[in-house]
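Reader: I'm new to this and I'd like a close look at just one part. Could you pick a spot, walk me through it slowly, and then show me what surrounds it?

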Amino acid sequence: MELSVIIPAYNEEKRIESTLIKYVNFLNREFRKDFEIIVITDGTTDRTPEIVKNMCRKYSQITHIHPSERLGKGGAIKTGFKIAKGDIIGFIDADGSLSSKNCKTLIDKLKNYDGVIGSRRIKNRRVYDSFAREIGSKTFNFIVRLLFHLPFRDTQCGAKFFKKRVVKNVVHELRLSDWSFDVELLYRVRKNGFKIIEMKVNWNHKEGSKLKVSRASIKMFLSIIGLRVKLSFLSKIISPRIFGIIYEKVKKL
């Protein structure tokens with residue numbers, strides 16, 4: 001199989017059907033049915049699983065996974081990584097913010113690289129729906145660069161594709177399951193010697209984000225700090241368990 005696209009979907013009943021129709025039609029034209037879309041309806045409480053099941057009946061290329069417990073964005077993507085069959089494996093957001101044209105552009109770039117990630121921030125593009133998100137994104141990116149030496153301007157963009165060997169090489173090393181999953185993924189891919197390029201995408205921001213800015217920012221910061229501790233010599237001095245306890249407390253706020 002040429003391509004596997006993973007879509008984590010949490011309470012997306014209003015958008016998932018249109019997203020799937022858009023990508024199935026596009027990928028059918030480009031890959032002539034030599035692809036699969038794996039939808040992980042992670043911990044949903046609305047009609048998203050029912051809608052995806054109906055879509056599976058219409059399109060044989062769609063596979064539906066409905067975990068019995070909440071996995072988080074990272075956990076859902078890791079589940080998809082493990083069962084994906086494509087020579088190219090990637091993930092996109094369920095809201096359809098990535099255009100079909102940009103999706104193809106990213107995939108084509110893999111001819112010369114091991115991985116390609118979309119960026120909403122190259123050339124100072126502003127695509128966030130509020131000042132708080134803009135500031136939060138810049139602050140998060142600064143901390144990520146400082147702690148992990150990642151050269152990317154937008155680690156959180158929901159559009160990433162990799163060659164199969166890259167995914168299968170790192171999937172069992174991944175530990176984070178929340179929204180900071182992208183940082184760990186990129187860090188481990190680069191740590192294993194693979195080449196990643198970041199490309200500008202035209203991001204059509206959709207209303208209805210499930211991410212609450214202030215609460216999510218605290219969780220993400222704690223998560224990446226905890227990851228940095230685990231990966232560094234500081235783990236001999238400061239127990240990562242401390243960060244784990246704090247993180248679980250914050251999740252309950």
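Author: (Exposed means over 50%, buried means under 20%, and partly exposed is in between, using a 1.4 Å probe and protein chains only.) His-149 sits in the loop between helix H5 (131-148) and strand E6 (159-163). Those labels are DSSP runs numbered from the N terminus: helices are H or I with at least four residues, strands are E with at least two. Its phi is positive, about 55 degrees, even though it isn't a glycine. That's worth a second look, since most residues other than glycine have a negative phi.

Before we go on, a word on what you're looking at. This is a predicted model, with residues numbered from 1 along each chain as its sequence is written. Local features need pLDDT of at least 70 and side-chain atom pairs count only at pLDDT 80 or more, while totals for chains, interfaces and linings use all residues; side-chain values use heavy atoms, leaving out hydrogens and water. The mean pLDDT (the predictor's confidence in each residue, from 0 to 100) is 85, and 81% of the residues reach 70 or more. Over residues 234-238, though, the pLDDT is below 50, and this stretch has five contacts in the model beyond near neighbours in sequence. A contact, by the way, means heavy atoms within 4.5 Å.

Which residues of H1 are buried? They are Ile-16, Thr-19, Leu-20, Tyr-23, Val-24, Phe-26, Leu-27 and Phe-31. In an α-helix there are 3.6 residues a turn, so residues three or four places apart point the same way. The buried residues of H1 pack against strands E1 (3-9), E2 (35-41), E3 (62-65) and E4 (88-92), plus helices H2 (48-58) and H4 (100-108).

Let's zoom in on H4. H1 and H4 pack at about 45 degrees with their axes 10 Å apart. (Axes are lines fitted to C-alpha atoms, for helices over the stretch in contact, with angles from 0 to 180 degrees between N-to-C directions.) The two helices are therefore oblique to each other. (Under 35 degrees is roughly parallel, over 145 roughly antiparallel, 65 to 115 roughly perpendicular, and the rest oblique.) On the H1 side, Lys-22, Phe-26, Glu-30 and Phe-31 make the contact; on the H4 side, it's Ser-100, Cys-103, Lys-104 and Ile-107.

Stepping back, the whole protein has nine helices and seven strands, and 52% of its 253 residues count as buried.
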